[in-house]
Amino acid sequence: MDAPNKEFALAGNLEELKAKGRLVVHGGHRPILVIYDRGRIFALDNRCPHMGFPLERGSVEDSILTCHWHHARFDLESGCTFDLWADDVPICPIEVRNGDVWVKTTFGHADPAAHWHQRLADGLAHNIGLVIAKAVHGQLAADVPPADVVRQVALFGAQNRDGWGVGLTILTALANLLPVLPEEEAYLALFHGARRVAADCDGEAPRRERAPLGSRPVLAVLKRWLRYWTNVRHREAAERTLLTAIAAGLSPAVLANAVLAADTERAFADTGHSLDFINKAFECLDLIGWEHAAALLPTVVGQMVAARGAEESTAWRQPVDLVALCNEATSQLPELFATGHGVHGWSDHAALARELLGDDPARNIDALKTAIRAGAAPADLSRSLAYAAALRVARFGNANEHADWETAHHVFTYTNAVDQMFKRIGSVNTIDHVAAVRGVLHGAMALYLTRYLNVPPARIPGEGGEQLDDLPTNAETIRAALLDAFDRQRQVDLAARLVARHLTLGHPPQALIATLAHAVLREDAGFHAYQMLEAGVRQFTAWGDSNEGRHILLAVARYLAAHSPTERAALQTADIAQRLMRGGELHQEAEAS
Ligand code: FES
């Protein structure tokens, strides 16, 4: 009874195996199924890789093992599946010594990081959530940095779809949140990002490569061309121009200014989605490395040149021509910024935000002009604007239709994108940014058009003398109550009150943000929920634990509460994958419970 080494366990006597056809080896390891078939011995993980059903209860025919749960079929020798949705079943070596059968009880791969990298590639290519979940879990367990996983998924998404999409936006939003998430949530965040990218690419034609021009025109020419090609909707020309700008080694800030100027050729393009996607592509490159700019950045051009501008909509033309207001203000921007140049210390962000919520679009534009004259930089304007848009969500009246949440959401995430772009562009040489500042003007008009969403305005909890003493005081109790509120429909006001309670008592906002993130990650969240969460956290970070910061987080909570709960099917997939990867016997656990 000599064991080959201590990693091997005795499965049984060969004659016994021949007689029974199969044996299961239990111990401090995964259950292992040993099968005798046509004179050969095979050993496999006894848990079906799909959902853990014991494979010992399956059947073998023609060297194919069939699981009797959902009928996935596996090659006995390699463990490879014929049904890709089920994943391959791990196999393990066997040795026969002195008439006894020994099996190696440790499963593993010579290079786990490389193995799970390949499995993630497989899962993405075939859009199989379970394989994606296991591969993400496997990579993290192999100490692959999360940024490497994001890079693999982002480049897959860029190459396997003809343009930036919802999936890459979700991936980037969740990757941005990783630093504020507890470690155990990183798996779930990366899984959601990866599965949404895979779903976006499923059945899509891959992206066709374009090349930069052979020349290297100066920046002013490239910017002018990019705006022109966007205007005339010439995608190839715009892509080649952008690729040339990247090949010329222009900095991310300069590229951001050029692309923002081009995108704002149309007002509030595609209800803000075009700029949202552009901003996320820039943020994605911050995460995965700017050496991938040529692969990633041109993916936003298709939507940018094809986008429908708000100038084509009646609401922007009648009864007030908002586009004309923006155009007039744009023509004045060089002079306004020249007046404000050299004036330092402008800090009336919150006051400007309140003015931007006014009912007169011309006065709202005047408020921006006054701020510029007083020294406000583009990033100051965009910060005020984003806060004002968050207030629109925070005060969203419950009498509105449910679909109206998305109207408020679009303005908030658009203005956040404008704000992030101007943070990237910076304040040096403001005159160079005049065209891009149209993004602020357009955002201000989109905000004006959504004023009806605050009629009547929802009360901001904890203000105007409202007491919140009916709510718990303990931080963990408040957060548990918040998750419970998200677990029920239409708890919009309660969710906001709990967030206000948490923050006004001085409890750490980081724990509250982690709770909000958990509330999103456990759901089959819609695209907008991820955007709202991430934009809210970004804006909260800018304002800090202040009145304004509180308003922003309770806006996030109100939106999320209006969209929770969901079926949580993705969470179930993630949970099954995690338990299988950790060695759990899912089926037996389910039977015992
Ligand atoms: S096919 Fe085996 S558990 Fe589903």
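This dialogue goes through selected features of a predicted model.

Reader: How many helices and strands does the chain have?

Author: The secondary structure comes to 25 helices and nine strands. Taken along the principal axes, the C-alpha atoms fill a box of roughly 95 × 70 × 40 Å.

Reader: What share of the residues counts as buried?

Author: Of the 593 residues of the chain, 56% count as buried. The chain exposes about 23900 Å², and carbon and sulfur atoms supply 50% of that area.

Reader: Among contacts between residues at least 6 apart in sequence, what percentage joins residues at least 24 apart?

Author: The figure for this chain is 73%.

Reader: Which residues other than glycine have a positive phi?

Author: Asp 62 is one of them, with a phi of about 55°. Asp 62 lies in the loop between strand 5 (59-61) and strand 6 (64-66), and its relative accessible area of 53% makes it exposed. Arg 233 is another case, with phi near 60°. Arg 233 is placed in the loop between helix 7 and helix 8, and at 40% relative accessibility it counts as partly exposed.

Reader: Which peptide bonds are cis?

Author: One runs from Gln 318 to Pro 319, with omega near -5°. Pro 319 is in the loop between helix 12 (301-306) and helix 13 (322-340). Another joins Val 455 and Pro 456, where omega is about -10°. Pro 456 is in the loop between helix 18 (438-449) and helix 19 (475-486).

Reader: How is a pair of aromatic rings described?

Author: The description uses the distance of the centres and the angle of the planes. In this model the count comes to nine aromatic pairs. For Tyr 387 and Trp 543, the ring centres are 4.9 Å apart and the planes are at 45°, so this pair is tilted. The pair links distant parts of the chain, since Tyr 387 is in helix 16 (residues 378-394) and Trp 543 is in helix 22 (residues 527-543), 156 residues apart. Both Tyr 387 and Trp 543 are buried. Elsewhere, Phe 268, Trp 316 and Tyr 414 form one aromatic cluster.

Reader: Which arginines lie over the face of a ring?

Author: Arg 383 lies over the face of Trp 543, at 4.1 Å from the ring centre. Arg 195 lies over the face of Phe 191, at 6.0 Å from the ring centre.

Reader: What is a disulfide, and how many does a search of the whole structure find?

Author: A disulfide is a covalent bond between the sulfur atoms of two cysteines. The search finds zero disulfides. For Cys 92, the nearest cysteine sulfur is that of Cys 80, 14 Å away. Cys 92 is buried, with a relative accessible area of 7%, and Cys 67 also counts as buried, at 1%.

Reader: Where is Thr 241, and what does it touch beyond its sequence neighbours?

Author: Thr 241 is in helix 8 (residues 235-247). At 3% relative accessibility it counts as buried. Leaving aside neighbours within four places in sequence, Thr 241 is in contact with Leu 222, Trp 225, Leu 226 and Trp 229.

Reader: Is Lys 223 buried or exposed?

Author: Lys 223 counts as buried, at 18% relative accessibility; the cut-off is under 20%. This lysine is in helix 7 (residues 219-231). Not counting residues up to four places away in sequence, Lys 223 touches Asn 257, Ala 258 and Asp 432.

Reader: Which residues does Pro 565 touch?

Author: With residues up to four places away left out, Pro 565 touches Phe 486, Asp 487, Arg 488, Gln 489 and Glu 523. Pro 565 is in the loop between helix 23 (547-562) and helix 24 (569-581) and counts as partly exposed, at 28% relative accessibility.

Definitions and conventions. Residues numbered from 1 in each chain as written. Predicted model: local features only at pLDDT ≥ 70, side-chain atom pairs only at ≥ 80, totals over all residues. Heavy atoms only, no water. Phe/Tyr/Trp six-rings, centres within 6.5 Å; stacked < 30°, edge-to-face > 60°. Helix = DSSP H or I, 4+ residues; strand = E, 2+ residues; numbered from the N terminus. Buried < 20%, exposed > 50% of the residue type's maximum accessible area, 1.4 Å probe, protein only. Lys NZ or Arg CZ within 6 Å of the ring centre and 35° of its normal. Contact = heavy atoms within 4.5 Å. Areas by Shrake-Rupley, 256 points an atom, 1.4 Å probe, with all protein chains shown as cover. Disulfide = S-S within 2.5 Å.
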